[in-house]
Amino acid sequence: MVTMNGWPDARTADVTRIHVGDDHDGAEVRTGDVARAFVWLLEQLDARVEKVTVVNGHRTRARNAQVGGAPSSNHISGTAVDVNGRTHPFEAHLHGAPFTSGFTAAQEREIRKILGEAGGLFRWGLDFPRGRRDAMHFELAGGTTPATVRAFVERVTTKGKQLADQVQVPEEDDMPTVDEIARAVWGYKNRELERIDTYALLRRTNANAQAAAKGVIDVKLLAEAIARALPDGALTKAQVSRVARLAAKDVLSKA
Ligand SMILES: [Zn+2]
């Protein structure tokens, strides 16, 4: 069976949990490039529109029927997310009360800009027909394929890498490269996607991280190493220390 955008129903094995912003529970979406594309979208919304706090993704057909989703909703294929639903209601559930997207006009403009940057990869529920407008909802557009999603992910990843490559970082024997740290940061934010890579990388490349792996982490040293290896202004000081704390906590829990 396929859902409205043509993507096949997702089984449990086909989805992965992503975490963006303050959404600690995370949301399940289709594994691989689709997950990476949604991480990009949610990160843009989180940074440029509003803090992302609650995201819902994949639903089975049974669950979808239970919650009153459209038949063959793209949530069933793991190619749709609902963002901060409490403040952006689904029009069909308002029972005639006046509809509002819950976004300001400026926020709506910024979302259109983000969707433009994604080159039509995503469709926004606010553009659904009157009566079914759904501003919390973002999905892969009809006509998207694994190849178009892959091309998009490669485009946004390459852009980030080019920025990192322009930055000169002092060479130290046991210091990770900018690229390695960027991958590590990505991995910590989305652990299910690249968990193995990240641990192998940190164990291999950085003395502080090796210490962390042995359970004798100094979070401050790790934060300093991460900050040194990143382009200026790539992350705020608070973000760097959050990454280091997460890294420490995660490695310790595996020790
Ligand atoms: Zn939805």
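Biologist: Which residues form one aromatic cluster?
Modeller: This is a predicted model, so local features need pLDDT of at least 70 and side-chain atom pairs pLDDT 80 or more, while totals for chains, interfaces and linings use all residues. Residues are numbered from 1 along each chain as its sequence is written, and side-chain values use heavy atoms, leaving out hydrogens and water. Rings of Phe, Tyr and Trp (its six-membered ring) pair if their centres lie within 6.5 Å; planes under 30 degrees apart are stacked, over 60 edge-to-face, the rest tilted. The cluster is formed by Phe38, Trp40, Phe122 and Phe152.

Biologist: What kind of pair do Phe122 and Phe152 make?
Modeller: The count comes to five aromatic pairs. In the pair Phe122 and Phe152, the centres are 6.2 Å apart and the planes stand at 85 degrees, so the pair is edge-to-face.

Biologist: How many residues apart are Phe122 and Phe152?
Modeller: Helices (H or I, at least four residues) and strands (E, at least two) are DSSP runs, numbered from the N terminus. Phe122 lies in strand β5 (residues 122-124) and Phe152 in helix α4 (residues 146-165). The pair links distant parts of the chain, 30 residues apart.

Biologist: Which residues coordinate the zinc ion?
Modeller: Donors are N, O and S atoms within 2.8 Å of the metal (3.2 Å for Na, K and Ca); water is not among the atoms, so sites may look incomplete. The donor spacing in sequence is H-x6-D-x54-H. At 2.0 to 2.1 Å, the zinc ion is coordinated by His75 (NE2), Asp82 (OD) and His137 (ND1).
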